[in-house]
Amino acid sequence: EYNLTLWNIEKAPKLLCVHKAIASADQNVSNISFSPYDNCVVATFGNRVSKLLRWSEGYLKQMSMSLRRDNANFMSHCWLAEDRCVVGTEGGELLLVEHFDFRTVIYPCGNDNEDLVPVFSIQPTSRGFLIGTISGEIRLFEKAEENKEQYTLAFSYDLPKETSHVVAMAAGVDDNVVCLTDSQQLFLCPLYASGKLCIIYV
């Protein structure tokens with residue numbers, strides 16, 4: 001089993017509740033967040049774990065949601081606009097959750113030559129989102145022109161002379177993105193500065 005603890009740290013830290021979950025030995029939570037659209041909803045993802053929990057009446061109560069991937073390793077997720085959440089798996093899938101329910105598979109989409117790689121990190125941008133993968137590669141997904149509910153792969157970039165995994169990203173309002181690799185390297189990427197990605201070492 002594993003425990004999720006909810007704290008209120010507005011003033012002095014105060015433990016609000018402990019949620020105990022029964023799990024097998026290979027189930028673990030690796031990433032967690034509050035929904036920016038409902039701060040009572042907590043998203044928890046990991047190896048064979050994909051749950052939404054709602055804070056109500058002093059307890060974290062599991063909500064009804066199924067990503068239909070019982071054995072997947074959900075390595076990363078991020079919240080987008082319009083109450084959407086993108087979830088990335090070790091197998092390279094990108095899944096879209098909308099209004100706290102599974103909506104569709106963003107990637108792969110059935111095209112030829114689609115390269116499935118682990119999704120270590122996801123970061124929203126003004127036009128869609130970025131994912132960090134293996135060997136210093138980042139991929140940019142943008143809203144499709146013909147279907148604003150779907151996202152398509154716009155570009156992929158390789159960080160120069162980098163063979164490590166992109167494990168975390170952060171973005172500013174101007175879409176300047178900082179990428180962190182598991183070799184402790186930082187890269188600043190102004191996404192739309194000149195119509196293409198620019199790389200600046202930090």
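Guide: By class, the lining of the largest pocket has seven nonpolar, four polar and two charged residues. Ala, Val, Leu, Ile, Met, Phe, Trp, Tyr, Cys and Pro count as nonpolar, Asp, Glu, Lys and Arg as charged, and the others, Gly among them, as polar. This is a predicted model, where local features need pLDDT of at least 70 and side-chain atom pairs count only at pLDDT 80 or more, while totals for chains, interfaces and linings use all residues. Residues are numbered from 1 along each chain as its sequence is written, and side-chain values use heavy atoms, with hydrogens and water left out.

Visitor: Which residues lie nearest the centre of the largest pocket?

Guide: Cys109, Asn111, Tyr151, Thr152 and Leu153, out of 13 lining residues. A pocket here is an open set of points on a 1 Å grid over the protein atoms alone, where a 1.4 Å probe fits, with protein on both sides within 12 Å along at least five of seven lines; lining residues have an atom within 4 Å of a point.

Visitor: And which elements give two or more residues to that lining?

Guide: Strands S10 (101-107) and S14 (151-158). The largest share, three residues, comes from S14. Strands are DSSP runs (E, at least two residues), numbered from the N terminus.

Visitor: S10 again: what is the strand order in its sheet?

Guide: The order is S7-S8-S9-S10, an open sheet of four strands with antiparallel pairing. Two strands pair if DSSP finds at least two bridges between them.

Visitor: Why is one side of S7 and of S10 left without a neighbour in the sheet?

Guide: Strand S7 (74-80) and S10 stand at the edges and each has a single partner strand, so one side of each has no neighbour in the sheet.

Visitor: How many bridges join S8 and S9?

Guide: Five, between S8 (residues 84-89) and S9 (residues 94-98). Valine 87 stands opposite leucine 95 in S9.

Visitor: Different topic. Threonine 44: buried or exposed?

Guide: Threonine 44 counts as buried, because its relative accessibility is 0% (buried means under 20% relative accessible area, exposed over 50%, partly exposed in between, with a 1.4 Å probe and protein chains only). Threonine 44 is in strand S4 (residues 41-47).

Visitor: What does threonine 44 touch?

Guide: Not counting residues up to four places away in sequence, threonine 44 touches Leu4, Val29, Asn31, Ile32, Val49, Ser50, Lys51 and Leu53. Contact means heavy atoms within 4.5 Å.

Visitor: Where does cysteine 40 lie?

Guide: In the loop between strand S3 (28-34) and S4. Cysteine 40 is partly exposed, at 24% relative accessible area, and touches Leu53, Arg54 and Trp55, not counting residues up to four places away in sequence.
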